[in-house]
Structures are given as C-alpha cells and as structure tokens.
Amino acid sequence: MIFPYADFVSVLEKRFPQRVGLCEPELKGNELKYLTECIETGWVSTAGKFVTAFEDKIKEISGAKYAIATSTGTSALHTLYLSAGIEPGDEVLTQSFTFIATVNAISYCNATPHFVDIADNSTLTVDPIKLKKYLTEICLLKNNQCINKKTGNPIKALVVMHTFGKSTQLKECKNICDEFGILLIEDAAEALGTKYLGQHVGTYGAGGVFSFNGNKITTCGAGGVVVTNDQKLAETARHISTTAKKPHPYLYNHDQVGYNYRMANINAAVGLAQLEQLPEILNKKRKLFQSYKNLFSDINNISLLGDQEWSTANHWLNAVELQDCNHELLLETLKIINDKSISVRPAWTPIHQLDPYSHCPQSNLDVTSHKANCIINLPSSSFI
Ligand SMILES: Cc1ncc(COP(=O)(O)O)c(C=O)c1O
C-alpha cells in the first residue's frame, strides 16, 4: 500500500530541517533573577513571597476569586476533588480521552471513574449531547442526587478536560450538570490562557486546575494550582494541601488527614516569571497555529484541529487528524516523522483501554477509540 501521508511528512521535513522538540519551555524573563532572590534570602521551601505573588497573578489572569498553588497539577486535582466533596463510593464522570492524572486523582479519592465519550469536533472534549442522552438512560434522581441505576452509587461530578488547550462546551455541560444534580469540575491543566465565551476556563464550574509541568504553556518546573470562586472550597483546598495544620506559630495540630501538596517558593519564582510572559507566549502560540494552517492548506487528507466559535484556544499543543487512519498507519507515521528528529506524539491511549481502568463503567466510547488512532501532536514550542 502507498503511504498516504507523504505530503504531510514532506511539508514537516521542509519546515523543520533540524531536530525539533514537542513543547519545550522558554525561560527568558525574570526566572533567574527571582530564583537568585530565593537562594540569597533562604526562602526556598513551601512559604515565601513568590507563592503568594504566583497565586495573585493566577487570580488576575483567570478572574477566579481564589487560587491555591500546589506541587503538581495532579496534586491540584486530588485537592480539588476532595474539597468539592468527592467521597469513597462516588462515581465521577470524565473523559477516557485524557492524560491519566485526571482519572488517577479520582482513584486517590477511592471514587470510581465513569467514562463518557468525546465530541466528534476539534475540541476532543466531553460531548454534551451524548452526555445528556446517556445520563437520561442510566440515572435516577433521588433527593436531587444523581444515582447510577445499575450500581446504586451516586454520580457526584463531571470532570471535563480542555484537551490540548481547547475549551469544551462549558455552558451546555453546566446546564446538564445542574439538571442532574452533578458538580462540574474543570481539568484545565493544559488550558491556561484559553477562554470560553470570553470567560477564562477553569472558572466555570465548582473549581478548576492548571498544571505548570515543564511541557505546559508556562512552567514552574513542576507545579499546579486550584482555582475557584467558592470561598469554602478554597479554604478546604488550602487546609488539606498544607497537611490540615491548624494555624499556630509553633504548635503542630492537624484536624484531619491532610497532604503535603504546597508549592515551593523556588517553583513559584519560576512560575511567576513565566506568567509575566504569558501574553507574549499566547501571541507566539497563535502565530505558530496560523503558520501550521498555511503550511497544511494544500494537503487534503489531514486537518489541523482549530478553534470552535465558543472558544479562544491557547494553542498549547497543535494537533492534526489524519483522515482514514488506523492504529498501524498511525504508528508508521509517528515512526517516519520521529526518525527525522521531528518530535511528534500520538494522543494518549484511551484510559478505558488501560489495565487499571478497563473495568470502570463507561458509555459508548466510539469517538474516543477512533480519535486516539488518528491524532498526532506537532512541535509546538512557542519559540519555533
Ligand atoms: C489533562 C492533564 N491533567 C493533569 C495533568 C497533570 O499535571 P502535572 O503533570 O502537573 O501533575 C496534566 C499534565 O501533565 C494534563 O495534561
């Protein structure tokens, strides 16, 4: 069989004659200056002015009333789920088309992930139409609580994930959640800078998280943050992420099982310097997206995943969909391109296909399974 994506490969080869990474950080602002200040003053650990300044900057960018910085995006998710009241025995609806952290953090709460399908559009996020149909079939409303008729367990929350920085249809998802008595939570780990109908993602439901892992649009080295407009949720999140220690200058009293999830000052120092550059980085990311659009305009068997009318994406990670692809062809394409030192990656293996989660309740996941076999992420560093 003739390899069908030769034009795509050749365009990439011309664009990237030398080695190119997938998504690497650009550390050209005040990172070194702020880090030096941490070291010279000795404020390197989980207290210090940069943690507060970082949280303030996140509030300013996102418009959220509260921000709680954590050690990673994963610990932010765990903190948020617990603070939102996810309990052992609950079921939590979410995408199978996501990075595993979205789902692992549900397991950390001893709750059960319950997978729903993604939309057949460029967002690769929860499909609200299918979601409503599915909930209507499987749910029973008891005292305004959504119960899974089959398992008898409460369906407590829906976690939407804004895939590669593209916003899901938040209004539709929120309306469905309200109708079924389900909390809306946003895993916006990949979506700092993305707006949904003009409002920053992560602030639409009970709470959201952003990640500052090294490959994200801005990085702390490692880091995360919980954002919310709910004061009680924010207080709980801060408390449990700081070992549930009761405030006191020197006594150690802890009133519940807590977690050592606070962000360190040195991570916040890097993160703050990065956030200062966010407008410039967003600008470069948008330009890169446009340049890919032009580059691929004459290739008719791939499509670049673009904006939807409801969202202004941050274009964190550019992706193309290969038409008429299958798993073998995807693997072949990935190998051909990576062998040329151009870093491209597949989307994640759908979580319901992984051993630890194959037993979990799920709706029909046809779109998830199909898309996983035909999506390729492209080099997306802001400086290329
Ligand atoms: C969708 C999603 N959720 C959660 C995470 C976890 O973030 P972290 O790596 O900072 O723990 C990531 C990325 O790494 C992610 O892409």
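Start with helix α4, which gives the largest share of the lining of the largest pocket, three residues. Helices here are DSSP runs of H or I with at least four residues, strands are E runs with at least two, and both are numbered from the N terminus. A pocket is found on a 1 Å grid over the protein atoms alone, as an open set of points with protein on both sides within 12 Å along at least five of seven lines; lining residues have an atom within 4 Å of a point.

This is a predicted model, where local features need pLDDT of at least 70, side-chain atom pairs need 80 or more, and totals for chains, interfaces and linings use all residues. Residues are numbered from 1 along each chain as its sequence is written, and side-chain values use heavy atoms, without hydrogens or water.

**Stop 1: the largest pocket.** The largest pocket holds about 440 Å³ of space. Volume means the space filled by probe spheres set on the grid points, which are joined across faces, edges and corners. Now select F99, E190, N213, N215 and K216: of the 28 lining residues, these are the closest to the pocket's centre. Next, colour α4 (73-83), α5 (100-108) and β15 (345-346), the elements that give two or more residues to this lining. The lining divides into 13 nonpolar, 11 polar and four charged residues. Nonpolar covers Ala, Val, Leu, Ile, Met, Phe, Trp, Tyr, Cys and Pro; charged covers Asp, Glu, Lys and Arg; the others, Gly among them, are polar.

**Stop 2: T79.** Select T79 in helix α4. Is T79 buried or exposed? T79 counts as buried because its relative accessibility is 1%. Buried means under 20% relative accessible area, exposed over 50%, and partly exposed in between, with a 1.4 Å probe and protein chains only. Leaving aside neighbours within four places in sequence, show its contacts: T70, V226, A237, I240, S241 and Y261. Contact means heavy atoms within 4.5 Å.

**Stop 3: the largest cavity.** A cavity is a set of points where a 1.4 Å probe fits but cannot get out. The count is one cavity of 30 Å³ or more. About 70 Å³ of space lies in the largest cavity. Select some of its lining, including C23, E24, K216 and S382. This lining has four nonpolar, four polar and four charged residues.

**Stop 4: the whole protein.** Zoom out to see 12 helices and 16 strands. The C-alpha atoms fill a box of roughly 70 × 60 × 35 Å, taken along the principal axes. Of the 384 residues, 55% count as buried. Among contacts between residues at least 6 apart in sequence, 71% join residues at least 24 apart.
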